[in-house]
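Open your viewer and get ready to select as you read. Here is a short tour, stop by stop.

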Amino acid sequence: MMNSLVQAILLGGYYALVACGLAFMFQVMRIINLAHGSLAILSAYLVWEITDALALSPFVSVLMILPIMAIIGLLLQRVILERATKGGELLPVLTTFGLAIVIDNLLFQQFGANTRSLSPYLGDLSWESYEIFGLWIGKLPVIVLITAIVVIGGLDLILRFTPLGRQIRATAFDPDTAGLVGIDARKIAGISAAIAMMTVAISGTALGLRGTFDAYAGGPQLLFAFEATIIGGASSLWGVFLGGIILAIAQSIGALIHPQGFLLGGHFMFLIFLFARIYFNRDVFTLKHWFAKRNKGEITA
Amino acid sequence: MKIKRSNAYSKVTLYVVAAVFIALILLPSFASNNVMERLTVLFIYIIMAAMWNTLAGFGGLISIGQQLFFGLGAYATIRITNMAISPFVALLIAACLVGLLSWPISTFMLRLKAGEFAIGMWVLASIGHLLVNLDPLIQGETGISLIALNQYAIESRRLLIYFAALVSMSGLLLGLFYLLRSKAGIAMQAIRDNEEAADSIGVDAEKVKKWFFIFAAFGTALAGALWLAQASSFQPKTYFSVQWTAYMIFMVLVGGLGRFEGAILGALLFFVVETWFAATGVWYLVGLGAVAMLCSLFFPKGIWGVIETRLSITLIPVGYQVTGLKPDSHSKNK
């Protein structure tokens, strides 16, 4: 019981990692990128390819694909999203879904139906574990969880304390007014998409390290990311972190109840949170609600 | 100034539609088996496109989870035929049941906006898939065949499925036609054009969207049930695949989002593209995704939208047409 809880929290770290890019883009640009999961799988393949070709550690390869994914993010914003958002809120949904289909099938064309994993390139690390209070905890899932904390913490710090972060927050809050005070909303949107894609690159790598992936694994990753974002309340990145962990715990509970209940547990938890958000106080399940007092203090001060 | 519902084109269309319908009824007496089977598939595509268009084009609701209703329609047909009911009765009951089920779903899901609704529906489709897998009758991903169809000889079975698809398609299109011309439909088209403005003149968007959602669920379920009759085996993974929604999106985006004629044109195009290129496998799917993406970016109204604005032709009159505007009433405003 204790063991499955710990494993769930570690898995939650992965969900948080894959969700934070989706939530970040949603917060800044009001776009849910349906190609999010497919792009994560694309980066997993890129890391796999580089690791295999240059005989590097995956941890080095991921550093090499960060700039590639950042450029892809910038292009995504400039070529597709910018145009799509002008046509209303529905077009980005359609175009990013089309993009997801293209990416998935190109990956299938290129890499075939075999599942891949990055764990063979890790040597001993893929099975090494810590023993704490009689529980065996894999080193790799711990690394993924810590990465999630570092990535989300880093994003949070950038948003809070840097000039770039202020500009991003201002653009997210009201792009037109931000433009009036001299913020280049187009540039900010491009940078935000690039940042989001870098987190996507890290999450794709994390998926490859923790387990296996194939060309069509993008859809499920998108659903996990979306569920974690909704459970977390979409309004704060730490909320999304919590959402990832709650999702993973719900899945483990589902698996305890029924052998096929792993995914269903997560889906039902998502529905419960959605239901609560719609019919009760919209914010009850978000961090914002619980820290509302402090925020109010900030506003009045 | 004159306001009317139909024009010379729509009268011609009426005669053409009637002629095509009669031809399709008479067709089985001379067409080959292969032609009939392919036409059955085409009818199902037209249903799927028209239903997705109902939701997205007229309701402004982009769903990535219509495979939920497609899969449930097929599953319910399996379940009902298992109770020794004729499969052709079962598919209608199944679609009605799925339509009923979509009512509580709609009260819940329609509160979501844009992208949240889209992926939310996808999650529901995934739930539907997982729950159907739990039914021992289905035997997990192995699936099951619609054995009840074997009580019909192969020839009469083909004929019955053909007519079932033809009648379903005609019925749904006719239903959609009258739905769009009804008060609710006019309201829906007002919402499509501008939700805030429609709201300000007293259009109850919630209620109208709900009816369109249920209608689309019913039609998509019927398409799923017909597909099952046509393919005769049910594997949850195939029927609950997001691929179906991808096809619907392709058909509607290329044909013309929010245009009655657009969905039919899109389905015809998809049918032709599939016949020619499906053998290329993955590249065909890459092409579908790319074309859908480009269409939504550059031709958001699709091929029919271009035809309609360039030539101002309306074949199927679901709105009102204004003619005889005096030119000076325009120039004064300038």
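This is a predicted model: local features need pLDDT of at least 70, side-chain atom pairs count only at pLDDT 80 or more; totals for chains, interfaces and linings use all residues.

**Stop 1: where the chains meet**

Show chains A and B together. Their contact takes 31 residues from chain A and 32 residues from chain B. Now color the side of chain A that touches chain B. Helices H3 (58–86), H4 (91–111), H9 (218–232) and H11 (262–279) of chain A each give two or more residues to that side. Which helix gives the largest share? H4(A) does, with 13 residues. Color by class next: this side of chain A has 20 nonpolar, eight polar and three charged residues.

**Stop 2: B:Ala290**

Select helix H13 (residues 282–298) of chain B; B:Ala290 is placed there. B:Ala290 touches A:Gly98 and A:Val102, leaving aside residues up to four places away in sequence. Is B:Ala290 buried or partly exposed? It is partly exposed, because 16 other C-beta atoms lie within 10 Å, and being buried takes 20 or more. B:Ala74 and B:Ala290 are 216 residues apart in sequence, and their C-alpha atoms are 29 Å apart in space.

**Stop 3: H5 and H6 of chain A**

Select residues 139–161 of chain A for helix H5, then 163–173 for helix H6. Their axes come within 5 Å and cross at roughly 85 degrees. So H5(A) is roughly perpendicular to H6(A). Zoom in on the contact. From H5(A) come A:Ile158, A:Leu159, A:Arg160 and A:Phe161. They meet A:Leu164, A:Gly165, A:Ile168 and A:Arg169 in H6(A). By class, this contact has five nonpolar, one polar and two charged residues.

Methods
Residues are numbered from 1 along each chain as its sequence is written. Chains are lettered from A and ligands numbered from 1 in the order in which they are written. Axes are lines fitted to C-alpha atoms, for helices over the stretch in contact, and angles run from 0 to 180 degrees between N-to-C directions. Helices (H or I, at least four residues) and strands (E, at least two) are DSSP runs, numbered from the N terminus. Angles under 35 degrees count as roughly parallel, over 145 as roughly antiparallel, 65 to 115 as roughly perpendicular and the rest as oblique. Two residues are in contact if their C-beta atoms, placed from the backbone, lie within 7 Å. Ala, Val, Leu, Ile, Met, Phe, Trp, Tyr, Cys and Pro count as nonpolar, Asp, Glu, Lys and Arg as charged, and the others, Gly among them, as polar. A residue is buried if 20 or more other C-beta atoms lie within 10 Å of its own, exposed if 12 or fewer, and partly exposed in between; C-beta atoms are placed from the backbone.
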